[in-house]
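Please look over the sequence and the structure shown here before reading on. The briefing that follows goes through them topic by topic.

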Amino acid sequence: MGARKVNVLSELSVGQSAVLVALDLPETVQNHLMHMGFVPDAEVTAVRRAPAGDPTVYSIDGLEIALRHETAEAIRIRPVSTSSTLPEATQNMELAEVAR
Amino acid sequence: MSSCCAPPAFEPPAGPQAPGKFRTVALIGPPNSGKSTLFNRLTGLRQKVANYPGVTVEQRMGVMAGVGRNDLTLIDLPGIYSLTPYSEDARVAVEVLAGTMHGTPKPDAVLLVLDSQHLTRQLMLAAPILATGLPTLVLLNMTDLMEQRGGKVDSLQLARELSAPVAQISAVHGTGLNAINLFLNQPGNGTGSHPSLTLPVIGNAASAHTWAAQVSRRTGYRAPLSVEGTQKIDSVLLHRIWGPLLFLAVVIGVFEVVFSIGQPLSDGFGDILARMGDLARPLLPTGWMQSLVLDGIWKGISSVLVFLPQILLLFLFIGILEDSGYLARAALIADRVMRTIGLNGKAFIPLLSAYACAVPAIMATRTIENKRDRLATILVTPFMTCSARLPVYLLLIAAFIPNTVYLHGVIGLRTIVMLGLYVAGFVAAFTTARILKSSILKSSETPFILELPQYRMPTLQSLALRVIDRGRIFMKNAGTVIVGVTMALWVLAHLPVIHTATGAIAAPELASSVIGRLGHFIEPVIAPLGFNWKIGIGLLSSVLAREVMVSTMGTLYGTDPSTQALSLQTALHHDMTLGGALALMIFFAFAMQCTSTMAVVKRETNSWKWPIVQFIYMLVLAYGAAFVVNHVTMALLG
């Protein structure tokens, strides 16, 4: 395990996994990415970089999606191990929030 | 090819409809979930199916013959992730579903196709679809693949959760399709309102995902293990060094094969066609009839048909690239280069498929989210070397370029010239895009988001169907446009009739015929390019479609007694020097001689402005480049 603190998706090294926290992107882009599986609490793995070093292929929800560095930079992540929230509770909260 | 790619006219089934039955059913689902495969199975139509997201870019309608209801119209729609459209193709799907798409009836039932290998994510689309209130049958596609790899789902429980019928199918193998039959023939089953259904807030991705995750958990969904195969292949095909090298090797290999295998095939085919003409000669009465049919029409058609083997080979290779899933990787590799011209890797896919034909390529630009990026791609796509240029290139190369080989037979001079022409088109496309994107079409960057599908083995059946379809289109073109043009040419080449010294009626010398005079009229304009009046006639006729150039030359030489006995390649030496031949090739590389492309650009941009600008720009560039090439070659050869 690397000691370096990784905060955004673009910093994730190939082969490493992390948990998605939030997407700081324009709403349409954010919405599109979320429909492709980039939702909070989803586990994401950096699979490989394109031959030119960018974009990077990420694996999420069994799917491989390529993103450029500047897009991945706007996606906040946290390490897999420090998962503290109960997914069920969070989701119910979110639903309640949305329903309001 | 010209007019090759116009969508087939569709007549909705006529006749009385049983009341209460569905008339129009829409196939909807996320990209790459197998809708088109299912559509083909249900209708017997052969919609193009390739292995990358976004193949279907417009709605397609067909009569459902496959499940025994031929009074029913099925609409295949572009893949969508949600009802908030992100790109032009998704907008088409949403509009058809809402009934606001002009010329397409509003569907009264929906077949929702979901890839069961990624069910949780795919279920996100179920919420907005069910919320439309349309009777919906949920089809879990590729369940066989999912189960083989350890996945499972309780489809009965899922049906209860969604308050809609659910069926497990395999569109590829055609299993489970009787559920569709049952659903369509027994309306009332699973239709109407969904009383027990609590749907998430529509349009909110987070809430849709939470809902989908809960539904999939309650239905005992277990995602299959991911396959290692794709990862292993990608570690080579997307390798830092091997990736780009293999990409180049593939492209060069395709052309090498088109020459080394395709050329002898084409030569053999040409011999057969010539022999057929000779066999028919005694059967026809001598005189104008024989001349029109054999020297006019048959020479014209066969001079184009000869290239059929090589064009089919090219389509076979492009088919393999598309079906296997490699195109998406090509887009990924190309992204870095594309960004230097202000576009992204997605614009590369239409450019690559334009090697076959610009018309479907321009339609494929609908997957590009940014409007200005899309317009720039549309405007440069006709520079890519389409298969209609191939007959012209192949003819001129075979006639003027010696068959020298280098590197112990690895690469030939003819292949190098051919690659050079492809590169010229590519460079013109890139430079133009660069200019457009840094001036009139400047825009802020839209993020590049690309889904990489799993690799699939292209099936022999799908490849064969593609090649047969292409062959049919090519033949049909030869049978319509080319027959028409060659007949008109033959007539114009024989008018006005003259009276010989003996008083008999005869055709004029080609040069003094109507077409000859027309050619002479434009000769001053094209003479600086190294073209004489005969080539001028060919250029005029090729505005319809590029390959018509070849048939025109075939007809002209066939009609002229001085060149009648010669092969087309030899006859061309009467009218052109090497400089003129190279200039003609570069002219074809850059000029926009295709009415079908102009029509599709007009349709996709909603105005005549862009096709006209494009035509003039490409013509000016073609003229300038041909002028330079002709003069440089003349100077070099002394």
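## A residue in a loop of chain A

Asp41(A) counts as partly exposed because 17 other C-beta atoms lie within 10 Å of its own; a residue is called buried if 20 or more other C-beta atoms lie within 10 Å, exposed if 12 or fewer, and partly exposed in between, with the C-beta atoms placed from the backbone. This is a predicted model, in which local features need pLDDT of at least 70 and side-chain atom pairs count only at pLDDT 80 or more, while totals for chains, interfaces and linings use all residues. Residues are numbered from 1 along each chain as its sequence is written, and chains are lettered from A and ligands numbered from 1 in the order in which they are written.

**Backbone details in loops**

- Asp41(A) sits in the loop between α1 and β2 of chain A, and its phi is near 80°, which is a positive value in a residue other than glycine.
- Helices here are DSSP runs of H or I with at least four residues, strands are runs of E with at least two, and both are numbered from the N terminus.
- In the loop between β2 (43-49) and β3 (56-60) of chain A lies Pro55(A), and the peptide bond that leads from Asp54(A) to Pro55(A) is cis, with omega near -5°.
- In chain B, Met142(B) also has a positive phi, near 60°, in a residue other than glycine, and is found in the loop between β5 (136-141) and α5 (143-148).
- Met142(B) counts as buried because it has 25 C-beta neighbours inside 10 Å.
- Pro561(B), in the loop between α23 (548-559) and α24 (568-572) of chain B, counts as exposed because it has 11 C-beta neighbours inside 10 Å.
- From C-alpha to C-alpha, Pro561(B) and Tyr326(B) are 51 Å apart in space, and in sequence they are 235 residues apart.

- Chain A has 100 residues, of which 37% count as buried.
- Two residues are in contact if their C-beta atoms, placed from the backbone, lie within 7 Å; among the contacts in chain A between residues at least 6 apart in sequence, 57% join residues at least 24 apart.
- Chain B contains 27 helices and 11 strands, and buried residues make up 50% of its 638 residues.
- In chain B, 74% of the contacts with a separation of 6 or more are between residues 24 or more positions apart.

**Where the chains meet**

- In the contact between the chains, 30 residues of chain A touch 37 residues of chain B.
- On the side of chain A that touches chain B, the elements giving two or more residues are α1 (27-35), β4 (63-67) and α3 (87-99), and α1(A) gives the most, with seven residues.
- That side of chain A has 16 nonpolar, eight polar and six charged residues, where Ala, Val, Leu, Ile, Met, Phe, Trp, Tyr, Cys and Pro count as nonpolar, Asp, Glu, Lys and Arg as charged, and the others, Gly among them, as polar.

**Helices packed in chain B**

- The axes of α18 (residues 390-400) and α25 (residues 578-590) of chain B come within 10 Å and cross at roughly 165°; axes are lines fitted to C-alpha atoms, for helices over the stretch in contact, and angles run from 0 to 180 degrees between N-to-C directions.
- This crossing angle makes α18(B) roughly antiparallel to α25(B), since angles under 35 degrees count as roughly parallel, over 145 as roughly antiparallel, 65 to 115 as roughly perpendicular and the rest as oblique.
- On the α18(B) side the contact is made by Val392(B), Tyr393(B), Leu396(B), Ala399(B) and Phe400(B), and on the α25(B) side by Leu578(B), Ala581(B), Leu584(B), Met585(B) and Phe588(B).
- By class, the contact of α18(B) with α25(B) has 10 nonpolar residues, no polar ones and no charged ones.
- The buried residues of helix α27(B) include Met618(B), Leu621(B) and Val629(B), and what covers the buried residues of α27(B) includes α17 (371-380), α19 (413-437), α25 and α26 (595-605) of chain B.
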